[in-house]
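Welcome! Here is a friendly set of questions and answers for anyone meeting this structure for the first time. Have a look at it, and then read on.

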Amino acid sequence: MEIRIQKCQHCNSTNLKNILYRESGEPDRVYVQCHDCQTFVASYVISPMGYYHNEKGYESFLRGVLRSGEFMSGRRLKRLFLERSEGEKAAFEDVIEKLRIQEEKNKDELD
Ligand SMILES: [Zn+2]
């Protein structure tokens, strides 16, 4: 397991801006820019159905499914949405907790 907070390679800032770029027929891309020094930090491509936007609700999820080209029944979509949102929220809590433990351990080592 590896958990890291992305940093600007130029100024070490963690104050980064994620710019979501969406064009029809193309996979979604994210460009990461440093908010402090404006440097281009990273870019990545999001796999179909790979993007989960918390608190955006079912309609946003449906648009994501449509963009991915998947077809399935309404009932299956609804179930998939509930599983996805529960799963993503639980995974997020888990990552935040692991990060907290990791940062505490690093702090202890420095003391
Ligand atoms: Zn920077």
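## Pockets, a metal site and a few residues

By class, eleven nonpolar, three polar and four charged residues make up the lining of the largest pocket. Please keep in mind that this is a predicted model.

Q: Which element gives the most to the lining of the largest pocket?
A: Two elements give two or more residues each to this lining, namely strand 1 and helix 2 (74–110). Eight residues come from the element that gives the most, and that element is helix 2.

Q: What is the volume of the largest pocket?
A: The lining of the largest pocket counts 18 residues, and Asn18, Tyr44, Glu88, Phe92 and Val95 lie nearest its centre. The volume of this pocket is about 690 Å³.

Q: What is the volume of the second largest pocket, and which residues are the closest to its centre?
A: The second largest pocket has a volume of about 480 Å³. It is lined by 27 residues, and the closest to its centre are Arg22, Asp28, Tyr51, Gly64 and Arg67.

Q: Which element gives the largest share of the lining of the second largest pocket?
A: The elements with two or more residues in this lining are helix 1 (57–68) and helix 2. By class, the lining has ten nonpolar, nine polar and eight charged residues. The largest share, eight residues, comes from helix 1.

Q: Which residues are the protein donors of the zinc ion?
A: Along the chain, the donors follow the spacing C-x2-C-x22-C-x2-C. Each gives its SG atom, at 2.3 to 2.4 Å from the zinc ion, and the donors are Cys8, Cys11, Cys34 and Cys37.

Q: What is the geometry of the zinc ion's site?
A: The site has four donor atoms, with angles of 105 to 118° among them. Four donors count as tetrahedral if all angles lie between 85 and 135 degrees. The site is therefore tetrahedral.

Q: How many residues apart in sequence are the parts that Cys8 and Cys34 tie together?
A: Cys8 belongs to the segment before strand 1 (16–21), while Cys34 is in strand 2 (residues 29–34). Because these two cysteines sit in separate parts of the chain, the pair ties together parts whose distance in sequence is 26 residues.

Q: Are Cys8 and Cys34 buried or exposed?
A: The cut-off for buried is under 20% relative accessible area. Cys8 has a relative accessibility of 1%, so Cys8 counts as buried. Cys34 has a relative accessible area of 0%, so Cys34 too is buried.

Q: Is Cys11 buried, partly exposed or exposed?
A: Buried means under 20% and exposed means over 50%, with partly exposed in between. The relative accessible area of Cys11 is 35%, so Cys11 is partly exposed.

Q: How many disulfides does a search of the whole structure find?
A: A disulfide is a pair of cysteine sulfur atoms within 2.5 Å. The search covers the whole structure, and the number of disulfides it finds is zero.

Q: What is the phi of Asn12, and is Asn12 buried or exposed?
A: Most residues other than glycine have a negative phi. Asn12, in the segment before strand 1, has a positive phi near 70°. With a relative accessible area of 55%, Asn12 is exposed.

Q: Where does Glu55 lie, and what is its phi?
A: Glu55 is exposed, with 72% relative accessibility. Its place is the loop between strand 3 (40–45) and helix 1. Although Glu55 is not a glycine, its phi is positive, at about 70°.

Q: How many Å apart in space are Asn12 and Cys34, C-alpha to C-alpha?
A: In sequence, Asn12 and Cys34 are 22 residues apart. In space, C-alpha to C-alpha, they are 9.2 Å apart.

Q: What separates the C-alpha atoms of Lys17 and Tyr31?
A: Lys17 is in strand 1, and its relative accessible area of 33% makes it partly exposed. Tyr31 is 14 residues from Lys17 along the chain, and their C-alpha atoms are separated by 8.1 Å.

Q: What separates the C-alpha atoms of Met49 and Glu70?
A: Met49 is found in the loop between strand 3 and helix 1 and is partly exposed at 25% relative accessibility. Met49 and Glu70 are 21 residues apart along the chain, and the separation of their C-alpha atoms is 8.9 Å.

How values were computed
Residues numbered from 1 in each chain as written. Predicted model: local features only at pLDDT ≥ 70, side-chain atom pairs only at ≥ 80, totals over all residues. Heavy atoms only, no water. Donors = N, O, S within 2.8 Å, 3.2 Å for Na, K, Ca; no water. Tetrahedral: all angles 85-135°; square planar, octahedral: opposite > 155°, others 65-115°. Helix = DSSP H or I, 4+ residues; strand = E, 2+ residues; numbered from the N terminus. Buried < 20%, exposed > 50% of the residue type's maximum accessible area, 1.4 Å probe, protein only. 1 Å grid on protein atoms, 1.4 Å probe; cavity = no way out; pocket = protein on both sides within 12 Å on 5 of 7 lines; lining within 4 Å. Points joined across faces, edges and corners; volume = space filled by probe spheres on them. Nonpolar A, V, L, I, M, F, W, Y, C, P; charged D, E, K, R; others polar.
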